[in-house]
Amino acid sequence: IRIFVEYACLRDRKFFDRVKDSLLIRLTEGKPLTFAEYLEKANEKHEGKIYYTSDTALQAQYISMFRAEDIDVAVYDLAIDTQFMASVEQYRGDVKFVRVDAGIDDALKADTTTDGDGKLADDDPMTLLFRHAAGDEKLAVRTEKLKNGEVPALLTVSEESRRFGDMMKMYAAPGEEVPAFPCEYTLTLNPASHAYARLCELMKAEDDEGKAKTDAYASYIYRLALLAQKKLSAAELQSFLSDSYRLLGMI
């Protein structure tokens, strides 16, 4: 009956007020929690935020990082959920829904800070390298040391711009082609990963072969981050396979 309850909450504020203490949040582990139970547990690490996934398979990399820090992830995978979450935020005023791939929570960051962490300048060699790899001259690139040293990079998109894009698709007329909304993507590189350290070594090369390896390596890291963030288009999949073949040829 979940979809009916959510729809009723959207249509009638009085209904929401009557059932708000009984509304359940379904977690990725399958067990339910009330909003009060979730927020009480979240109080120490991410007060007032409810982290959620819209696709447990597609966003598995992000979910695993949150679960490693004992942060519960809710599942909101229905078309109506975007509106429902916005209504809950408006009605309650003390809750903010954030998808797991919308940013990097402080709980995922390493305890020790690294000099230079943060957004890289537009003319930084690392920024130029990954903008070329992504084919996106506006891609924001930053570094952030993460607790998970296996992940070389994460691609995130702001919750606000992604929700707006979802709303445009939802309200489009049947058969109408909706123009792609310009989402604000950020590529976060992890200096704690071996892959990042290896990339830094490759960037020191001045010969053509070394530069080719650097481009291929950076492109592969970007495609991996893209693969963990969304389903690849035909062109993106072809680029990922091409990068993979190039790297295999260089080993």
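Q: Which residues touch the most other members of the largest nonpolar core?
A: In this predicted model, the largest nonpolar core has 63 residues, and those touching the most other members are Tyr38, Ile50, Tyr76, Phe97, Phe130 and Leu187. Helix H9 (residues 208–229) gives the most to this core, namely 8 residues.

Q: What does Phe130 touch, not counting residues up to four places away in sequence?
A: Contact requires heavy atoms within 4.5 Å. With that sequence limit, Phe130 touches Leu139, Val141, Leu187, Leu189, Leu199, Ala218, Ile221 and Tyr222.

Q: Why does Phe97 count as buried?
A: The term buried applies under 20% relative accessible area. Phe97 has a relative accessible area of 0% and is therefore buried.

Q: What makes the aromatic pair of Tyr52 and Phe97 edge-to-face?
A: A pair of aromatic rings is described by the distance of the centres and the angle of the planes. Tyr52 and Phe97 are 6.5 Å apart centre to centre, with 75° between the planes. Planes over 60 degrees apart count as edge-to-face, so the term applies to this pair. Tyr52 lies in strand E3 (residues 49–53) and Phe97 in strand E5 (residues 96–99), so the pair ties together parts that are 45 residues apart in sequence. Tyr52 is buried because its relative accessibility is 2%, under the limit of 20%. Ring pairs also link Tyr52 and Phe97 with Phe35, Tyr76 and Phe84 into a cluster.

Q: Why is the aromatic pair of Phe16 and Tyr91 called tilted?
A: A search of the whole structure finds 8 aromatic pairs. In the pair formed by Phe16 and Tyr91, the centres are 4.8 Å apart and the angle between the planes is 50°. Stacked requires under 30 degrees and edge-to-face over 60, so this pair falls among the rest, which count as tilted. The pair links distant parts of the chain, with Phe16 in helix H2 (residues 13–19) and Tyr91 in helix H5 (residues 81–92), 75 residues apart. Both Phe16 and Tyr91 are buried.

Q: How do you know that Arg2 forms a salt bridge with Asp81?
A: Side chains of opposite charge can pair when their charged atoms come close. The closest N and O atoms of Arg2 and Asp81 are 2.6 Å apart. The cut-off is 4 Å, so the pair qualifies as a salt bridge. Arg2 lies in helix H1 and Asp81 in helix H5, so the pair ties together parts that are 79 residues apart in sequence. Arg2 counts as partly exposed because its relative accessibility is 28%, whereas Asp81 is buried, with a relative accessible area of 1%. Salt bridges that share partners join Arg2 and Asp81 with Glu6, Arg26 and Asp77 in one network.

Q: What makes Glu160 and Lys96 a salt bridge?
A: Their closest N and O atoms are 3.5 Å apart, and the criterion is within 4 Å. The pair therefore counts as a salt bridge. Glu160 is in helix H7 (residues 159–170) and Lys96 in strand E5, 64 residues apart. With a relative accessible area of 31%, Lys96 is partly exposed.

Q: Why does Ile1 count as exposed?
A: Exposed means over 50% relative accessible area. Ile1 has 82% relative accessibility and therefore counts as exposed. Ile1 is in the segment before helix H1 (2–11). Together with Ile3, Phe4 and Leu78, Ile1 makes a nonpolar surface patch of about 460 Å².

Terms used: Residues numbered from 1 in each chain as written. Predicted model: local features only at pLDDT ≥ 70, side-chain atom pairs only at ≥ 80, totals over all residues. Heavy atoms only, no water. Patch = residues over 30% accessible without salt bridge, like charges linked within 9 Å, V, L, I, M, F, W, Y side chains within 5 Å. Areas by Shrake-Rupley, 256 points an atom, 1.4 Å probe, with all protein chains shown as cover. Salt bridge = Lys/Arg side-chain N within 4 Å of Asp/Glu carboxyl O. Helix = DSSP H or I, 4+ residues; strand = E, 2+ residues; numbered from the N terminus. Buried < 20%, exposed > 50% of the residue type's maximum accessible area, 1.4 Å probe, protein only. Core = buried A, V, L, I, M, F, W, Y, C linked by side-chain atoms within 4.5 Å. Phe/Tyr/Trp six-rings, centres within 6.5 Å; stacked < 30°, edge-to-face > 60°.
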